[in-house]
There are 2 protein chains.
Amino acid sequence: MDRFAWINLLYDFYGPLLTDRQRQLLELYYEQDYSLGEIAGELSVTRQAVHDTLKRAEESLEYFERKLNLAMRYLNDRNRIGEALAVLDDLAGGREEALIRLRQLLREMREPGKPISENGVL
Amino acid sequence: MDRFAWINLLYDFYGPLLTDRQRQLLELYYEQDYSLGEIAGELSVTRQAVHDTLKRAEESLEYFERKLNLAMRYLNDRNRIGEALAVLDDLAGGREEALIRLRQLLREMREPGKPISENGVL
């Protein structure tokens, strides 16, 4: 996973713990793909100020991950669920109804990209 | 779930974000079942000081849960995994090897009580 995707994942988990300003800059930079210069122009601040705020926000995200490890745990669980789904896909026949329900449950838990949704429940 | 179990669950998730002192008191009170008075005696502070520190620690845990909703998400996932395991238990026969592996994966993910282990990965 590249740094860009990693920061995005951390943001999905820990974004609510950042300040409004940090969230605003992270969203412009990492989600809407603005450059530092474009953000500076948009918000009428210096490019350096944008850089510093982004850096502090990223350090906060890394701090929470060092403490709580939730992103790593999520990736680990997602791998397990992927493997469980692959095992299910290998099963032919059997009790169809039960297998369909099981596949549905596992897919619900996999929820790609946004590990924590708006209401906080996968 | 009673308040005692709920605070314990929140502590499993967010404990690393508390101060050493807060963690110490929560562990004495919630894990080792000391009374407020016993903790006060043990640490040579007033019962009121113990009460206030515990209250602030609990408020911090509730704050993190309001922001991140991880404990609720964990309970929700655990219900889904429990349902998936029940579906599996209803399946008789089938591809035994695959079913055994699938059951193992789901049990690994269920990890009762301690949603985040020492190394941060379920």
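Buried means under 20% relative accessible area, exposed over 50% and partly exposed in between, with a 1.4 Å probe and protein chains only. Helices (H or I, at least four residues) and strands (E, at least two) are DSSP runs, numbered from the N terminus.

This is a predicted model, where local features need pLDDT of at least 70, side-chain atom pairs count only at pLDDT 80 or more, and totals for chains, interfaces and linings use all residues. Residues are numbered from 1 along each chain as its sequence is written, chains are lettered from A and ligands numbered from 1 in the order in which they are written, and side-chain values use heavy atoms, with hydrogens and water left out.

**Exercise 1. Work out how covered α1(B) is, and what covers it.**

Step 1: Check the length. Helix α1 of chain B takes in residues 3-14, 12 residues in total, so at 1.5 Å a residue it should span 16 Å. (The expected span is 1.5 Å times one less than the number of residues.) The end C-alpha atoms are 16 Å apart, which agrees.

Step 2: Look at burial. Of the 12 residues, 9 are buried, so α1(B) is mostly covered. They are B:Trp6, B:Ile7, B:Asn8, B:Leu9, B:Leu10, B:Tyr11, B:Asp12, B:Phe13 and B:Tyr14.

Step 3: Find the cover. It includes α4 and α5 of chain A, along with α2, α4 and α5 (70-90) of chain B. Contact here means heavy atoms within 4.5 Å.

**Exercise 2. Describe how α3(B) packs on α4(B).**

Step 1: Two packed helices are described by the angle between their axes and the distance between the axes. Axes are lines fitted to C-alpha atoms, for helices over the stretch in contact, and angles run from 0 to 180 degrees between N-to-C directions.

Step 2: Read the values. For α3 (residues 36-43) and α4 (residues 47-68) of chain B, the angle is about 110 degrees and the axes are 8 Å apart. The two are therefore roughly perpendicular. (Under 35 degrees counts as roughly parallel, over 145 as roughly antiparallel, 65 to 115 as roughly perpendicular and the rest as oblique.)

Step 3: Name the partners. B:Leu36, B:Gly37, B:Ile39 and B:Ala40 from α3(B) touch B:Arg47, B:Val50, B:His51 and B:Leu54 from α4(B). By class, that contact has 5 nonpolar, 2 polar and 1 charged residues. (Ala, Val, Leu, Ile, Met, Phe, Trp, Tyr, Cys and Pro count as nonpolar, Asp, Glu, Lys and Arg as charged, and the others, Gly among them, as polar.)

**Exercise 3. Decide whether A:Asp33, A:Thr53 and A:Leu85 are buried or exposed.**

Step 1: A:Asp33 sits in the loop between α2 (20-31) and α3 (36-43) of chain A. Its relative accessibility is 59%, so it counts as exposed. Its phi is positive, about 65 degrees, although it is not a glycine.

Step 2: A:Thr53 belongs to helix α4 of chain A and is buried at 15%. Beyond neighbours within four places in sequence, A:Thr53 contacts A:Arg21, A:Gln22 and A:Leu25.

Step 3: A:Leu85, in helix α5 (residues 70-90) of chain A, is buried at 3%. Its C-alpha atom is 7.0 Å from that of A:Leu106, 21 residues apart along the chain.

**Exercise 4. Find where confidence is highest and lowest among the elements of chain A.**

Step 1: Take the average. The mean pLDDT (the predictor's confidence in each residue, from 0 to 100) of chain A is 83, and 86% of the residues score at least 70.
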